[in-house]
There are 2 protein chains.
Amino acid sequence: MKDVAKLAGVSASTVSRVISDDSRISQRTKKKVLEVMEELNYYPNTIARSLASNKTDTIGVIMPSYKEDIFINPFFQKALKGISLIASQRFFDILIVTNHKEENDVDVLKRIIKGKRVDGLILTRPKEDDGGIKFLKENNVPFVLIGSCLEYDDIPSVDNDNEQASYDLTSLLIRKGRDKITFIGGELDSVVMKERYKGYLRALKDYNITFNEDYFISDKFMEKSGYYLTSRLMNLDNEPDAIIVADDLMSLGALKRLKEGNKKVPEDIMLASFNNSMLAKYANPSITSIEINSIELGRKACQKLFDILEEKSRENKEIIDYKIIERESTSLRKDID
Amino acid sequence: MKDVAKLAGVSASTVSRVISDDSRISQRTKKKVLEVMEELNYYPNTIARSLASNKTDTIGVIMPSYKEDIFINPFFQKALKGISLIASQRFFDILIVTNHKEENDVDVLKRIIKGKRVDGLILTRPKEDDGGIKFLKENNVPFVLIGSCLEYDDIPSVDNDNEQASYDLTSLLIRKGRDKITFIGGELDSVVMKERYKGYLRALKDYNITFNEDYFISDKFMEKSGYYLTSRLMNLDNEPDAIIVADDLMSLGALKRLKEGNKKVPEDIMLASFNNSMLAKYANPSITSIEINSIELGRKACQKLFDILEEKSRENKEIIDYKIIERESTSLRKDID
DNA sequence: CTGTTAGCGCCTTCAC
DNA sequence: GTGAAGGCGCTAACAG
């Protein structure tokens, strides 16, 4: 920077002002400085800027801590894409934050936040009593949740109405004449699971179907868990006639198991799922799924974070639409795409 | 930090040494300092450390610039997972680098590198005359390529033998009696496309099959491109009896079009593809695909980057195994998983 | 083993 | 509109 200043015949402060596009600077010197910057192929040292200005132009994205498995879920890729779209528009970069070896969830946050590495954070799909949220809240860290938080109701967040979506999906199956509907879930401490479970229960109740304890089982958000849990269902005395699965990945596992057991989908057992990844679309039979608009979740979360950073925050919670995409796995007539 | 120093009754340097786990420091003071750090809930300012030490403990991952489309490809998610696995082990974080508005590929690199934001970079699947590589090379930036570089042969990189893989896949189809084999590709300026194309040509030649110009067409690495290109194939006078597709996503588009045209796969037309995402596994019919071990590509790339950073770099190029996963789309007998 | 002294490269008052 | 001085929080010699 000194070089630039010298060559342009101005002081370092002036160069600094040009870089940050300060208003009160003459067009002439500005132009001159920009030329010299170009000539010397100068780019400001981001780190030094951050240190001096206490801003990083970076947002952190916290990956879920059961990352080993779930990192690979299409949901995150889509959300990340949405975030990236908005961030790059604002000239921000994205820091992917994962737990370092043996570090717990709150430690990561402390490290990142107290280390001043980012201006704000986006969290994805929290677990229930996520101590992290408490920490961020208490320390006044700008952050947005993709998902919902049960403990506090004033957390800036972007989410679907997962309870209602699950209600709708369950209702759909009931209206199609099914009354032995099971629910296969992922990690029980994830908030999204709880909400989907609630919607499922509410629908059963509204339609006067007694809840059967054997019909709610869960493991991990993974394909093989879907497979394994479906095995368990098939061993029940009172075999189900429909399965709702908390995630497409799991539903593929379920579908595989059903096929192996010579169950016909949808005739013997209907199958419906969440997140509408391409997997659901191209499975055979194709699987009815809830489109949750993951990319939009990412975009809106990022937008909201910028709103907070610019202190023009509006409402706290934003709800993104969902939509049931009906496919073969719930359609007895084969006339649906 | 000053507070910690004061309370622990030592100097700032000592605290600094404890933080960086300097060897020549007494266990007693170290312990004392650590206690005080804990007590004051102190975490070092990463940015300040970076400025002073000229290291960031961060690696940058450059997303491909046709990101709009390709960001969503499972390949990147898997590679990113691999990278993240190794990085977090070394206590590094990952900066996702995308083009800011109207910024070109080389500008991004300049901004990131000259801005000292990262210690090293991982690039994914470069385009052919990627000016970026030249820039990085000339400026002695530590970086690793996932993919190959045609212009220079001393670039640290991790890749599959895509040429051979494509050769094998083509040969497989030929041995199954097909001789009107087409190739549907993605962006032509991507290196991986070129190599796969070369392998395809070599196989044709080795088996004395004349190359038909109409049989090589390409567009983008997207589902709908696969669909559209397949349409074109189906309008040819001399309809093909096999299609090789450069990516699973595209192959689904192709498959959809074939079904709509009442073509039987594999009977009328065989279909084979690259990257072996879950989509290929669960499509109907399931699609033969090349498993390229994306996660391993990411891991190895990251490992190599650390080797370079620690200056114990070994060979430049590393080749990761691939494997043909045969599925229904190329099997006339239905006895394959 | 530990303290002292200078920066790292930039931004931000405060003058002029 | 511009320059000078001080400081952001930490590390890196250099002493001892």
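Predicted model: local features only at pLDDT ≥ 70, side-chain atom pairs only at ≥ 80, totals over all residues.

Student: What makes strand 4 and strand 5 of chain A a pair?

Tutor: Strand 4 of chain A and strand 5 (residues 157-160) of chain A have two bridges, in the parallel sense. The cut-off is at least two, so they count as paired. Across that pairing, A:Leu145 stands opposite A:Ser157.

Student: And how do you know that strand 3 of chain A pairs with strand 4 of chain A?

Tutor: Same test. Strand 3 (residues 120-124) and strand 4 of chain A share four bridges, again parallel, with A:Ile122 opposite A:Val144.

Student: Why is strand 4 of chain A called covered on both faces?

Tutor: A residue is buried if 20 or more other C-beta atoms lie within 10 Å of its own. In strand 4 (residues 143-146) of chain A, A:Phe143 and A:Leu145 on one side are buried, and so are A:Val144 and A:Ile146 on the other. That covers both faces.

Student: How do you know that chains A and B are related as by a two-fold axis?

Tutor: Chain A goes onto chain B by a rotation of 180° with 0.1 Å of shift along the axis, at an RMSD of 0.2 Å. The two copies are therefore related as by a two-fold rotation axis. In chain A, the residue closest to that axis is A:Leu95, at 2.2 Å (C-alpha).

Student: What is the bridge partner of A:Leu95 in strand 2 of chain B?

Tutor: B:Leu95. Strand 2 of chain A and strand 2 (residues 93-97) of chain B pair in the antiparallel sense, over three bridges.

Student: What makes you say the copies meet through the same surface?

Tutor: 100% of the interface residues of chain A are also interface residues in chain B, so the surface is the same. In all, 38 residues of chain A are in contact with 38 of chain B. Helix 6 (74-89) of chain A is one of the contributing elements and gives the most to that side of chain A, with six residues. By type, the side splits into 17 nonpolar, twelve polar and nine charged.

Student: Which element gives the most to the surface near DNA strand D?

Tutor: Helix 4 of chain B, with five residues. Among the residues that come nearest to DNA strand D are A:Thr14 and B:Asn45. That surface divides into eleven nonpolar, ten polar and two charged residues.

Notes
Residues numbered from 1 in each chain as written. Chains lettered and ligands numbered in written order. Near = placed C-beta within 6 Å. Nonpolar A, V, L, I, M, F, W, Y, C, P; charged D, E, K, R; others polar. Least-squares fit on C-alpha atoms with pLDDT ≥ 70 in both. Contact = placed C-beta atoms within 7 Å. Buried ≥ 20, exposed ≤ 12 C-beta atoms within 10 Å, placed from the backbone.
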